[in-house]
Amino acid sequence: MKQLQYVYTNKNRLLDDIGSIKLWIMNTGATRVLFHIYTTDMDANDVKVITEVIDKELPDAMYVGASANGNIYNGVLSSYSTIISCTLFEDPSTEVRIMQYKLTDDISRSVAESVLRYADEENWVKGIELLTTMRDMSMTKFCNCFHFAKKEVEIFGGGAFGPNINDKYAYVFSKGNEISNNAVVFVFYGGEKMHIKTTYISGWKPLGKAFKVTKSDGFILQELDGRSAYDTYYKYLNIKNDDNFFKNTLEFPFTFDYNGIQILRAPVFSRPDGSLEMTADIEEGTMARLTYGDPWTILESVRMNGQKIADFKPQVIQIFSCAARKEFWGEREAERETLPFQEVASTFGFYTAGEFLRTNGYMNQHNVTLVIAAMREGDPDDNERILIRVENEKFSGQVSMVSRLANFIKAYTDEINRANALLEKVAITDELTQLYNRREIHRRINRKVRDYKAMPFLKRPAVIMMDLDNFKKVNDTFGHHEGDVVLQGFCEVVREILSDNTKDGNCGRWGGEEFMILLYDDDSLLANELAEKIRKRFSEVKFPRSGCHTVSLGVARIKDNESSDALVSRVDSLLYEAKGEGKNRVVSD
């Protein structure tokens with residue numbers, strides 16, 4: 001496999017370049033020729049000239065392409081509006097096929113299913129590249145279909161874009177098909193000796209607290225924490241709902257767990273009602289956080305993932321990088337994360353409106369991500385291992401300022417989160433015993449009873465109320481310090497038994513020497529058994545000053561249509577029945 005890269009300046013220069021390509025074809029014996037054409041020319045004038053020349057001079061050659069927010073040429077951001085990459089496939093077994101489909105939201109699933117059928121029928125397929133338009137539609141249904149592709153098939157690609165990121169117009173094209181702003185182009189790669197490896201790089205880190213998606217409708221994100229989704233950007237980042245909203249939010253996407261990985265997702269439009277249009281669905285209940293780009297994290301990810309690509313020893317590397325990454329780095333610094341790959345193999349690509357990659361069997365649409373597809377024909381060569389090197393000692397201008405401010409915000413946010421966590425713990429914890437306080441254990445009982453009434457198929461919750469016997473005598477005889485020691489010793493017994501016997505036991509101090517246990521999933525006689533174990537174990541503990549002590553316990557399970565207050569009152573009666581029968585015993589309903 002051999003790759004040749006050119007910039008387009010005029011037709012005569014292109015004819016000269018085609019002449020050199022013909023010589024390479026003769027010398028290499030290439031069996032397949034594929035051009036990738038990426039351009040920031042939204043009138044597609046350059047594209048039309050280029051494709052006409054290719055059709056005339058190399059009629060058997062294939063080509064695909066897309067409009068772009070910028071072009072990656074030999075690993076760097078090109079200053080030319082149009083680049084041409086020509087890949088020569090030298091192995092006779094290599095197969096390359098192209099398909100182009102119209103693509104709209106209502107037919108996206110059928111398009112994906114057609115592609116899957118073809119890939120299943122053609123056993124030679126090892127990889128599928130896609131170039132697609134994607135504005136004003138959700139790509140979720142489209143992506144989900146590709147989960148069912150054969151597990152060994154790599155799928156990767158990018159969304160067409162334009163130089164003005166606020167402009168929705170973008171297009172794709174391929175040999176034998178029209179230039180279209182509602183289409184997707186597929187390139188199928190395969191053959192006996194074709195090898196493909198993919199990976200992705202993020203580097204965007206969480207910023208501030210997590211928000212819960214409280215209302216959404218497909219790809220319309222309506223509310224976060226019960227407030228309009230737009231308010232999040234305005235309140236925390238002072239981003240206004242104007243013509244620059246998309247550009248300003250692109251560098252601050254949301255992150256959330258999806259298909260087992262962290263996905264970045266940026267809004268493309270803010271509606272008058274404060275809802276946000278995304279490029280893929282986001283489900284209610286999802287916990288999402290704003291993110292920011294951290295240059296050191298990005299470059300460390302480039303080094304780690306780049307080394308995996310380098311060890312694969314590819315002959316060609318294609319990069320699909322989000323336009324937001326170019327905006328983040330700026331034109332002077334953008335090559336820091338792409339140029340290292342040029343040291344491994346010929347590297348080309350474009351800056352996208354969205355990136356696509358199949359990971360762990362799941363096809364995901366990314367934002368603000370760099371997707372890498374590396375290819376090789378035949379076995380890896382025996383050359384010395386290439387080590388990926390990145391320069392991250394210092395940054396200039398905006399990147400330096402943003403990264404340092406973000407580090408400050410993160411450190412400050414972490415301190416606030418730790419302080420809030422401590423305050424929350426203090427608010428629900430009894431200081432002496434470190435068990436839940438009465439308010440918290442009572443709140444948990446109320447909630448569990450409410451849940452059981454709503455879902456009676458759940459196991460019946462149970463409560464155990466406990467009171468240390470003759471505890472006043474301990475305080476009067478040995479002092480309150482010894483009383484505290486006994487209380488703490490009892491609580492340690494309770495914690496050990498709950499830990500050893502159930503996953504769902506909660507215990508709190510009800511008051512003085514009284515304690516309450518809530519069992520979320522009581523089965524059969526578990527509550528009785530736990531109560532008896534606590535009674536017996538505590539009676540065997542000998543305190544150095546005051547000796548052994550006992551505890552009385554009442555056990556009750558929730559009855560149908562019983563309130564939480566009635567349950568607590570009933571278990572209290574059972575406890576005092578145990579007291580009245582001589583103490584140091586368990587009385588159960």
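This is a predicted model: local features need pLDDT of at least 70, side-chain atom pairs count only at pLDDT 80 or more; totals for chains, interfaces and linings use all residues.
Local features need pLDDT of at least 70 and side-chain atom pairs count only at pLDDT 80 or more, while totals for chains, interfaces and linings use all residues. Residues are numbered from 1 along each chain as its sequence is written, and side-chain values use heavy atoms, with hydrogens and water left out.

Reader: How are helix H11 and helix H15 oriented to each other?
Author: Helices are DSSP runs of H or I of at least four residues, and strands are E runs of at least two, numbered from the N terminus. H11 (residues 438–454) and H15 (residues 564–580) pack at about 120°, with axes 9 Å apart; axes are lines fitted to C-alpha atoms over the stretch in contact, and angles run from 0 to 180 degrees between N-to-C directions. Angles under 35 degrees count as roughly parallel, over 145 as roughly antiparallel, 65 to 115 as roughly perpendicular and the rest as oblique. H11 and H15 are therefore oblique.

Reader: Which residues of H15 make the contact with H11?
Author: Contact means heavy atoms within 4.5 Å. From H11, the contact is made by His 442, Ile 445, Asn 446 and Val 449. From H15, it is made by Ser 564, Asp 565, Leu 567 and Val 568.

Reader: How many charged residues are in the contact of H1 with H2?
Author: The axes of H1 (residues 11–28) and H2 (residues 45–57) come within 11 Å and cross at roughly 40°. Ala, Val, Leu, Ile, Met, Phe, Trp, Tyr, Cys and Pro count as nonpolar, Asp, Glu, Lys and Arg as charged, and the others, Gly among them, as polar. The contact of H1 with H2 has seven nonpolar residues, no polar ones, and charged residues numbering three.

Reader: How far from Cys 143 is the nearest cysteine sulfur?
Author: The structure holds zero disulfides, a disulfide being a pair of cysteine sulfur atoms within 2.5 Å. Cys 143 is in no disulfide, and the nearest cysteine sulfur, that of Cys 145, lies at 9.2 Å.

Reader: Is Val 368 buried or exposed?
Author: Val 368 has a positive phi of about 55° although it is not a glycine, and its place is in the loop between S24 and strand S25 (370–377). Buried means under 20% relative accessible area, exposed over 50%, and partly exposed in between (1.4 Å probe, protein chains only). With a relative accessible area of 0%, Val 368 is buried.

Reader: What is the relative accessibility of Asn 360?
Author: Asn 360, which is not a glycine, has a positive phi of about 55°. Asn 360 lies in the loop between strand S23 (355–359) and strand S24 (362–366). Asn 360 counts as exposed, at a relative accessibility of 64%.
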